[in-house]
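I opened the model today and kept notes as I went. The entries follow in the order I looked things up.

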Amino acid sequence: MKSDIEIAQEAVMEPIKNVAAKLDITEDELELYGKYKAKLSDELWENIKDREDGKLILVTAINPTPAGEGKTTTSVGLGEAFGKLNKKAVIALREPSLGPCFGIKGGAAGGGYAQVVPMEDLNLHFTGDFHAITSANNLLAALLDNHIQQGNQLGIDPRQVVWKRCLDMNDRALRNIVIGLGSKMDGMVREDHFIITVASEIMAVLCLADNMEDLKKRLGRMIVAYNFNGDPVTADDLHATGSMAALLKDAIKPNLIQTLEHNPAIVHGGPFANIAHGCNSVRATKTALKLADYVITEAGFGADLGAEKFFDIKCRMAGLKPDAVVLVATIRALKYNGGVPKAELSEENMDALKKGIVNLEKHIENLQKYKVPVVVTLNSFVTDTPEEIAFVENFCKERDCDFALSEVWEKGGEGGIALAEKVLDTLEHKKSEFAPLYENELPLTEKIETIAREIYGAKEVTYSPAAMKELKHITELGMGNFPICMAKTQYSLSDDAKKLGRPENFTMNVREVYASAGAGFVVAITGSIMTMPGLPKVPAANNIDVNEDGVITGLF
């Protein structure tokens, strides 16, 4: 079969105004970025905001493995299948980060015959949203250091600067740096840090903001440092809010592109679920709900990260009520969780499947705690055997989950019809009674421990002295009612990437905590998770090229 990029490059795209017309969007309600990309205007929202919402379907997955799961591929394919069934549907996805594109994971446009296009544009610069977020983040950092240099009227303690610079690239050498070296005119010498753009609080703020007014409020209350008295210093205190908002003026508007089968896809925002809240923008999702009868969205990595944050952060803050969840798994990944090496995953191995399916079992149990109907889908591989498929199907049905096989990677929308019909049946016959996992009023430590115990399966949580001190400080500052955003490895339910399957009775350690006052949540960093990833020994960038005709190769 052809590579993803070959399939995408052979696609004949529709003008984006024609794709928009499927959602009754006029050309006057679009801001065109060439022929195949557009932003959805503020005028569009004003025209549709009083419409009734469609059904909201979340696509999530088991913990990712080197075998691959295909969550975005399934999301796209499900949208394609709804199109085949003549349903008015739209896909709402996140934008890819350059870090994984040039690192090890690759892009985030789906795969095979279930992709969104233009694939190269989406995976690279797209409409410039990430550049705007990076610029706004680093403008704030520059204004902060300039304030200290120019007399420091706010009394900022240089040892308590918490705002970090960012870059949308995997660059481990920037994790811990020293700035201000040189002469007195080059600034105060201090330790500084970089994070990847998708981990920036500005990314979270943009994705959670309803409109420009809300965006500016959130930007303004972001904490950048503490003064010598220990009081927080905000972006508003530095008079930085207006200029940051100006940089984000267009980035706040959702983007419209298309699938290979010319169905609409709204792609906007891109926080990682292992170090941020992992969902596309509230504005994109709310817009999609007004435009279509069915909205298919996704949350990053496994359900223990992306789905938990979708429910407990995004839905809580935005007042969203999901109607169903599609949980993606592969037989290969389940066998990997059962201890089979990657090279042997193509061979039938019922013992390993029975051992590894506990990972799927835990994710089913977790999702059912939110009282939302669950449909499990197997992303099909040619090496799957009838016995393996039957075992997984029976396993799911015994746990009150609907089940469907997905063949969208190979067949596009046609390969997702069984899944789409199962989702439609679930929506018709099973009612969502969605509720978050915990209440806002719980103390921060109890929220952390509830997630660790109920979702991850931990026996207990330990805290570094610095983390415990900061939790107390955050509570004293009046942010004890914030939800928790756990930063944890995506590869395991625990905070140890090597513990596959369904680890139990483990201890989870919270090493660092900080408040994202603008986003409105508290981040708890566990294990060895990094907010600035590094490149692998052989980065994907080594195989990416462009020829004299401007055709890109090696991107996946």
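**Entry 1: Arg218**

I started with Arg218, which is buried, with a relative accessible area of 9%. The cut-off for buried is under 20%, so Arg218 qualifies. I note that this is a predicted model. I placed Arg218 in helix H9, residues 212–220. Next I listed what Arg218 touches, leaving out residues up to four places away in sequence. The list reads Val205, Leu208, Ala209, Met317, Gly518, Ala519 and Gly520.

**Entry 2: the hairpin at Gly520**

Gly520 was on that list of contacts of Arg218, and I followed it. Gly520 sits in the turn of a hairpin formed by S22 and S23. Four residues lie between the two strands, and Gly520 has a positive phi of about 95 degrees. Strand S22 covers residues 507–516, and strand S23 covers residues 521–526. They run antiparallel and are joined by six bridges. In this pairing I found Val513 opposite Ala524.

I then checked S22 against strand S20, residues 460–463. Here the strands run parallel, with four bridges.

**Entry 3: a three-stranded sheet**

Which order do the strands take in the open sheet of three? I read it as S7-S12-S13, with antiparallel pairing. S7 and S13 are the edge strands, each pairing on one side only. The twist averages 50 degrees from one strand to the next.

I looked at S12 in detail. Five of the five residues of S12, residues 223–227, are buried, so the strand is largely enclosed by the rest of the structure. Two bridges join S12 to S7, which spans residues 156–161. Val161 stands opposite Ala225 in S12. On S13, the residue opposite Ala225 is Val233.

Three bridges join S12 to S13, residues 232–234. Ile223 has Thr234 as its bridge partner in S13. S12 and S13 also form a hairpin, with four residues between them. I found Gly230 in that turn, with a positive phi of about 90 degrees.

**Entry 4: H4 against H18**

At what angle do helices H4 and H18 pack? I noted about 80 degrees, with the axes 8 Å apart. That makes H4 roughly perpendicular to H18. H4 covers residues 71–84 and H18 covers residues 417–429.

From H4, the contact uses Thr74, Leu78, Ala81, Phe82 and Lys84. They meet Ile417, Leu419, Ala420, Val423 and Leu424 in H18. By class, I have eight nonpolar residues, one polar and one charged.

**Entry 5: the cores and H15**

I turned to the nonpolar cores. The largest has 140 residues. Leu248, Phe311, Leu360 and Val392 have the most contacts inside it. I took Leu360 and listed its neighbours, again skipping residues up to four places away in sequence. Leu360 touches Ile62, Leu327, Ala329, Leu334, Val376, Val392 and Cys396. A second, separate core has 21 residues, Ile5, Val117, Leu260 and Val267 among them.

Leu360 is also one of the buried residues of H15. Eight of the 11 residues of this helix, residues 358–368, are buried, so H15 is largely enclosed by the rest of the structure. The buried set includes Glu361, Lys362 and His363. Asn359, Ile364, Asn366 and Leu367 are buried too.

Terms used: Residues numbered from 1 in each chain as written. Predicted model: local features only at pLDDT ≥ 70, side-chain atom pairs only at ≥ 80, totals over all residues. Heavy atoms only, no water. Buried < 20%, exposed > 50% of the residue type's maximum accessible area, 1.4 Å probe, protein only. Pairing = 2+ DSSP bridges. Axes fitted to C-alpha atoms, helices over the stretch in contact; angles between N-to-C directions. Parallel < 35°, antiparallel > 145°, perpendicular 65-115°, else oblique. Contact = heavy atoms within 4.5 Å. Nonpolar A, V, L, I, M, F, W, Y, C, P; charged D, E, K, R; others polar. Core = buried A, V, L, I, M, F, W, Y, C linked by side-chain atoms within 4.5 Å.
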